[in-house]
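Here are my notes on this model, as promised.

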Amino acid sequence: MSHEASAKLISPSAVLKQVADAIPEDFRRNIIIVGSLAAGYYFFADNPKLQVRTKDVDCLLAPRIQAIPAGQAVADRLFAENWQLRAEGDWGKPGDAKTPDNQLSVVRLHPPGSTEWFIELLTVPESENDLDRKDVRIVTSNGHFSLPSFGFLSLAEFLPIATPFGIAIARPETMALANLLHHPAIGKETMSSLIAGRSIKRSNKDLGRVLALARLAEAKEEDSLQKWPEVWSAALQNRFPTSWRKLVPQVGTGLRQLLRPENEVDLEEVHHTCANGLLVSQSPTLKLLEVTGERLIQDAIEPLETLARAA
């Protein structure tokens with residue numbers, strides 16, 4: 001999934017409707033929107049003046065058993081309606097039967113007449129043991145592509161929220177949980193694209209997303225973070241029935257590391273991503289994000305750890 005410095009401010013409702021309208025009606029029930037657009041719609045749909053800065057609209061195809069036929073049908077419909085492949089050098093070009101699965105391009109398509117944003121097709125892992133990226137081949141009218149899955153994306157499939165457009169959005173809580181689990185420590189890998197002119201560590205971008213979701217949740221409903229542990233516990237037990245107890249201790253390690261005084265440089269990177277991302281209309285201070293992180297640990301992570309011990 002990519003995020004570029006040139007990401008534009010877009011209306012979550014307008015883009016969600018455009019995506020839903022372009023998807024064959026029979027397969028809309030198989031689509032869950034994840035990422036910035038899902039969060040933007042959840043938090044800003046009631047206020048048309050609030051927009052979200054994003055370049056990619058991540059479409060999760062679920063359940064897994066339906067992902068390949070749904071992916072092929074969705075891609076073919078979009079190709080037929082003149083959606084254009086996003087050019088990324090050699091990437092973005094269709095493969096063929098000889099192309100290895102892990103070298104296939106992902107389906108990334110711009111809507112007709114615009115390059116402001118693109119959709120990206122993803123799917124959920126086949127089992128709870130598939131924590132690394134896996135590429136599933138889909139054969140479309142325009143060639144062979146990959147439908148990638150990533151380990152903790154399956155959490156977004158837990159109790160998604162319906163929209164009036166026939167497609168669902170992932171819950172803020174489960175998106176936050178997936179990002180926390182994906183980064184049990186601050187890594188060295190940086191994003192492939194600059195964010196508002198700066199090179200940012202991938203872990204800082206994703207942990208920043210967690211803090212932004214927590215901040216927006218608190219702004220929408222006071223003490224809402226206290227409801228997250230129950231959802232997290234249920235989601236983990238549902239999607240990781242045999243391994244969830246081992247995962248719980250990993251949920252808070254990356255965030256706790258981020259909030260240590262010696263990692264102030266990383267927290268400043270997080271602030272940069274939030275101020276130029278989901279919190280662009282909030283003008284958050286560094287201190288506010290720090291307090292939000294501490295609140296998230298107190299209200300959600302520690303209670304989850306307690307629930308797991310009790311179970």
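1. Let me start with the two faces of a strand. Phe118, Glu120 and Leu122 point one way from S7, while Ile119, Leu121 and Thr123 point the other way, and all of them are buried. In a regular strand the side chains alternate between the two faces of the sheet. Please keep in mind throughout that this is a predicted model.

2. Next, the neighbours of S7. Strand S4 (residues 56–61) pairs with S7 in the parallel sense, over 6 bridges. One place to look is aspartate 56, whose bridge partner in S7 is phenylalanine 118. Strand S6 (residues 108–110) runs antiparallel to S7, and 2 bridges join them. Here leucine 109 has isoleucine 119 of S7 as its bridge partner.

3. On to the aromatic rings: the structure holds 6 aromatic pairs. In one of them, the rings of phenylalanine 79 and phenylalanine 145 have centres 5.9 Å apart and planes at 35°, so this pair is tilted. The pair links distant parts of the chain, with phenylalanine 79 in helix H3 (residues 64–80) and phenylalanine 145 in strand S9 (residues 143–149), 66 residues apart. Both phenylalanine 79 and phenylalanine 145 are buried.

4. A further tilted pair is formed by phenylalanine 152 and phenylalanine 240, at 5.7 Å centre to centre with 50° between the planes. It too links distant parts of the chain, 88 residues apart: phenylalanine 152 lies in the loop between S9 and strand S10 (161–162), and phenylalanine 240 in the loop between helix H6 (228–239) and helix H7 (244–247). Phenylalanine 152 and phenylalanine 240 are both buried.

5. The charged end of lysine 220 sits over the ring of tyrosine 42, 5.1 Å from the ring centre.

6. What about the cysteines? A search of the whole structure finds 0 disulfides. Cysteine 59 counts as buried because its relative accessibility is 0%. Cysteine 274 has a relative accessible area of 2%, so it is buried.

7. Which residues of H6 are buried? They are Trp228, Pro229, Val231, Trp232, Ser233, Ala235 and Leu236. The cover over these buried residues includes helix H4 (172–182), helix H5 (202–220), H7 and helix H10 (286–310).

8. Finally, a look at leucine 207, which is found in helix H5. Is leucine 207 buried or exposed? It counts as buried because its relative accessibility is 0%. Leaving aside residues up to four places away in sequence, leucine 207 touches Leu180, His183, Gly254, Leu255 and Leu258. As for leucine 159, it is 48 residues from leucine 207 in sequence, and the two are 22 Å apart in space, C-alpha to C-alpha.

Technical notes. Residues numbered from 1 in each chain as written. Predicted model: local features only at pLDDT ≥ 70, side-chain atom pairs only at ≥ 80, totals over all residues. Heavy atoms only, no water. Buried < 20%, exposed > 50% of the residue type's maximum accessible area, 1.4 Å probe, protein only. Helix = DSSP H or I, 4+ residues; strand = E, 2+ residues; numbered from the N terminus. Pairing = 2+ DSSP bridges. Phe/Tyr/Trp six-rings, centres within 6.5 Å; stacked < 30°, edge-to-face > 60°. Lys NZ or Arg CZ within 6 Å of the ring centre and 35° of its normal. Disulfide = S-S within 2.5 Å. Contact = heavy atoms within 4.5 Å.
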